[in-house]
Amino acid sequence: MTSENPFGQVLVALVTPMTADGEVDWAGVEKHIDDVISAGADGIVVTGTTGETSTLTDPEKIRLVEVGKDVAAGRAKIITGGGSNETAHAIELYKHSERVGADGIMIVTPYYNKPTQAGILTHFRLVADATDLPVILYDIPGRTGVPIKYETILRLAKHPNILAMKDAKGDFSEVSRVLNQTDLMYFSGDDANVLPHLAIGATGLIGVTANIAPAPYRTIVDAVNRGDLATATAAHQQLEPLVRATMTHVPGTVAAKYILHGLGRISSPRVRLPLVGPEEWEAALIEDEIDHVQGIPGVDFHNFRPDRNAAAGGALPKVAGTTR
């Protein structure tokens with residue numbers, strides 16, 4: 001990592017540990033953040049997609065930044081994700097996150113509204129104008145319904161606060177093109193493609209599977225930094241079945257919590273509705289993939305004890321207050 005990178009290189013898209021009744025497990029949050037930092041993460045993205053931003057309240061989102069800063073204690077950067085598909089609300093959330101100490105913000109393309117590229121450009125510019133924090137743009141058209149097009153990325157790259165992209169689009173030719181024509185840093189937002197992204201010049205990753213196994217990602221990034229492709233490839237291959245288990249059969253948040261709970265690292269696998277835990281056949285598929293996982297540092301599946309009953313069904317929805 002160079003001194004110009006304010007985000008880190010191994011960033012965890014943090015799950016938000018919850019109790020069995022769907023409340024945020026704050027002690028569990030602290031433990032999980034400490035665990036992933038101790039295992040090699042140098043950045044944490046709280047309140048992102050994996051953190052269930054859509055069903056967190058605004059006070060929960062702000063507190064996650066505060067807790068992250070306290071636990072990290074300078075060991076890792078705390079980036080706040082999520083935002084809102086309403087520009088004014090997004091600005092309000094990011095300003096509040098900045099006041100409580102966030103090190104950076106990740107702005108997702110406005111979802112559901114399906115804005116034009118002019119609307120996307122204006123949204124990102126206004127949010128970036130409203131903060132002094134460094135900004136990561138998050139391009140994930142599979143969830144938002146619209147991509148950030150190449151021409152829009154080039155225009156956004158001229159904004160002094162917009163320093164990076166998280167790419168979950170998988171268009172490697174576009175990544176190379178943008179890296180050639182801008183100073184943007186790129187972060188892989190696709191767990192299966194971390195090494196390919198790094199190989200063509202990406203800065204790092206923002207990963208879901210890194211909740212379970214940050215250490216191999218640290219190995220991959222450090223190996224790429226020193227030009228050691230063989231070591232990076234070996235770690236990539238070692239991770240492949242775990243990535244498959246986490247990212248293939250159910251939403252990554254659901255699988256990551258199911259696996260973390262089975263490893264005894266969080267107290268409950270619960271997610272908030274409309275997400276639900278894996279059905280029995282989905283859990284069986286996840287466990288079949290896990291059977292192929294071998295030798296990942298810091299992850300011992302010999303004592304894996306999944307609780308399908310605890311995972312079945314969703315947590316109680318939040319009914320007190322609103323998300324605003």
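Visitor: To how many cavities of 30 Å³ or more does the count come?

Guide: This is a predicted model, in which local features need pLDDT of at least 70 and side-chain atom pairs count only at pLDDT 80 or more, while totals for chains, interfaces and linings use all residues. Residues are numbered from 1 along each chain as its sequence is written, and side-chain values use heavy atoms, with hydrogens and water left out. A cavity is a set of points, on a 1 Å grid over the protein atoms alone, where a 1.4 Å probe fits but cannot get out, and its volume is the space filled by probe spheres set on points joined across faces, edges and corners. For cavities of 30 Å³ or more, the count comes to one.

Visitor: Which element gives the largest share of the lining of the largest cavity?

Guide: The lining residues, which have an atom within 4 Å of a point, are T47, K61, I62, T80, G81, G83, L93, Y94 and S97. The largest share, three residues, comes from α3.

Visitor: Is T209 buried or exposed?

Guide: T209 lies in the loop between β8 (204-207), a strand (a DSSP run of E, at least two residues), and α9 (214-225). Its side chain makes a polar contact (N or O atoms within 3.5 Å, one able to donate a hydrogen and the other to accept it) with the side chain of D191, at 2.6 Å. Because its relative accessibility is 0%, and the cut-off is under 20% with a 1.4 Å probe and protein chains only, T209 counts as buried.

Conventions:
On a 1 Å grid over the protein atoms alone, a cavity is a set of points where a 1.4 Å probe fits but cannot get out, and a pocket is an open set with protein on both sides within 12 Å along at least five of seven lines; lining residues have an atom within 4 Å of a point. Helices (H or I, at least four residues) and strands (E, at least two) are DSSP runs, numbered from the N terminus. Buried means under 20% relative accessible area, exposed over 50%, partly exposed in between (1.4 Å probe, protein chains only).
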